Amino acid sequence: MAPTTASKESDESSRNGEKEWRLVAPARGGAMAAAGDRMSIRAVRYKISASVEESGPRPVLPLAHGDPSVFPAFRTAADAEDAVAAALRSGEFNCYPAGVGLPAARCALANHLSQDLPYKLSSDDIYVTAGGTQAIEVVISVLAQPGTNILLPRPGYPNYEARAAFNNLEVRHFDLVPDKGWEIDLESLESIADNNTTAMVVINPNNPCGSVYTYEHLSKVAEVARKLGILVIADEVYGNLVFGGSSFVPMGTFGHILPILSIGSLSKRWIVPGWRLGWIAVCDPSKFLQQTKIATLITNFLNVSTDPATFIQGALPHILENTKEEFFKRVIDLLTETSEICYREIKDIKCITCPHKPQGSMFVMVKLNLHLLEGIHDDVDFCCQLAKEESVILCPGSVLGMENWVRITFAIDSSSLVDGLKRIKSFCQRHSKKKALI
Ligand SMILES: *Cc1c(COP(=O)(O)O)cnc(C)c1O
């Protein structure tokens, strides 16, 4: 294989008469480069952010990603902060933790998650990870065997595609249907699976769509997955963040008919993504997975990876047990209000259409009606021009698998949200075709 050279650096170093370093492409370089090229959500975000006129008179409104921790209204629970401070001050958590997590943290998670399940999880079913992101890394790496494939939702959460590419794991996409509340298209799901399919990913409550799946829909998904003989990876990092009358059904509810790996995190429900604490819960009361090596593979992986900070793990039992209902209610009330504002204001903007009112998570997907707009080529172009002219940052759908759609977060304080949606509206009015061909 021809070595690739870091040309700029080597020009510099040969000028300086130093040794020329070559970056030799490793065997997996192709897949890694592909992951970088296709999935670089950050690269797109930088491109859009770079369009913003920094010296502009108005504040930049970040409606692209879901991290409301910077807004005072979304500050985490005082009990959670106290628990972390106490764990730190105790001096008991300055050590390395066990690779799979502190026993007390695993036990507290097992109890916490069992409250919503028809059976009890044990500590051994829980693996503590550095956020939901590391949980994804672990699950995908462990499942990636030569020749196998995995089924991912479209639109989806691009970290799965990127991680699969790093592991040379083939990805196949099934659709989420906008006109059916973004439910999974079960026919397309069945049609893409084969004997080499190992798992599918279900994100509920859903990022990017803001949908929440009913018991009936999840039970159908479980039946299809069981028929196909595949695992379900349930990404439930937005678990319990539901509103407007919907309720959260953990996928583990169906653990008696098929094995489920549930991914969770403190990041979203407690609004502390910087604490880097997540988990994998193996929901398998019927012990389907006993014959597989999955538990060993996860343990082995975690034994050679970095762990979430010990004092955060030390605080976890108190966080899970002592966070008051009041805090959760405050966050839900805020998200209810902002999701309502978002849905209502979007209806008033002609160039975008929202097919489904958000019921959970922090996001909504909207369709761009490009035929009504002048001089805007696609979703990335829309987001760049909007950033430049209005200092509003949105996430283009093409990085989530859906071209010419856009994802908007409503997890932001309500006055900024109203301001942001007004700016989007005036942008659309300014760019609308004079004689629209409707
Ligand atoms: C945020 C997010 C994650 C990652 O969780 P962290 O705890 O922030 O690492 C995983 N999946 C989805 C769908 C997310 O939105």
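A residue is called buried when its relative accessible area is under 20%, exposed when that area is over 50%, and partly exposed in between, with a 1.4 Å probe and protein chains only. By this criterion, buried residues make up 55% of the 438 residues in the protein chain. The structure is a predicted model, in which local features need pLDDT of at least 70 and side-chain atom pairs count only at pLDDT 80 or more, while totals for chains, interfaces and linings use all residues. Residues are numbered from 1 along each chain as its sequence is written, and side-chain values use heavy atoms, with hydrogens and water left out.

The protein chain contains 15 helices and 14 strands. A contact is defined by heavy atoms within 4.5 Å. Among contacts between residues at least 6 apart in sequence, 73% join residues at least 24 apart.

Two strands are taken to pair if DSSP finds at least two bridges between them. Eight strands form an open sheet with mixed pairing, in the order β2-β9-β8-β7-β6-β3-β4-β5. Its edge strands, each pairing on one side only, are β2 (126-129) and β5 (183-184). Helix α11 (residues 294-303) packs on this sheet and touches β2 and β7. The direction of α11 makes about 25° with that of β2; axes are lines fitted to C-alpha atoms, for helices over the stretch in contact, and angles run from 0 to 180 degrees between N-to-C directions. Within the sheet, strand β7 (residues 231-235) and strand β8 (residues 260-265) pair in the parallel sense over four bridges. In this pairing, Asp235 stands opposite Ile263 in β8.

An open sheet of four strands has antiparallel pairing and the order β10-β11-β14-β13. Here the edge strands are β10 (352-353) and β13 (395-396), each of which pairs on one side only. Strand β10 pairs with strand β11 (residues 363-368) in the antiparallel sense over two bridges, and Ile352 stands opposite Leu368 in β11.

Thr409 is buried because its relative accessible area is 0%. Apart from its neighbours within four places in sequence, Thr409 is in contact with several residues, including Pro62, His65, Met362, Phe363 and Leu417. A polar atom of the Thr409 side chain lies 2.7 Å from the backbone oxygen of Met362. A polar contact is a pair of N or O atoms within 3.5 Å; within protein, one must be able to donate a hydrogen and the other to accept it, and residues adjacent in sequence count only if both atoms are side-chain atoms.

Helix α6 was examined for length and burial. The expected span of a helix is 1.5 Å times one less than its number of residues. The 13 residues of α6 (residues 131-143) should therefore span 18 Å, and the 19 Å between its end C-alpha atoms agrees with this value. Eleven of the 13 residues of α6 are buried, and the helix is thus mostly covered. Among them are Gly131, Gln134, Ile136, Val139 and Leu143.

The surroundings of the ligand comprise 14 residues, the closest being Thr133, Asp235, Ser265, Ser267 and Lys268. A residue is near a molecule or strand if one of its heavy atoms lies within 4 Å of it. A polar side-chain atom of Thr133 lies 2.5 Å from an oxygen atom of the ligand. For Ser267, an N or O atom in the side chain is 2.6 Å from a ligand oxygen atom, and for Asn207 the corresponding distance is 2.9 Å.

Several backbone features were also noted. Most residues other than glycine have a negative phi, and most peptide bonds are trans. A cis peptide bond joins Asn207 and Pro208, with omega about 15°; Pro208 is in the loop between β6 (197-203) and α9 (215-228). Another cis peptide bond joins Arg154 and Pro155, with omega about 5°, and Pro155 lies in the loop between β3 (149-154) and α7 (159-166). Asn240, in the loop between β7 and β8, has a positive phi of about 75° although it is not a glycine. Asn240 counts as partly exposed because its relative accessibility is 29%. Ser391, in the loop between α14 (379-390) and β12 (392-393), has a positive phi of about 55° and is likewise not a glycine. Ser391 is buried, since its relative accessible area is 6%.
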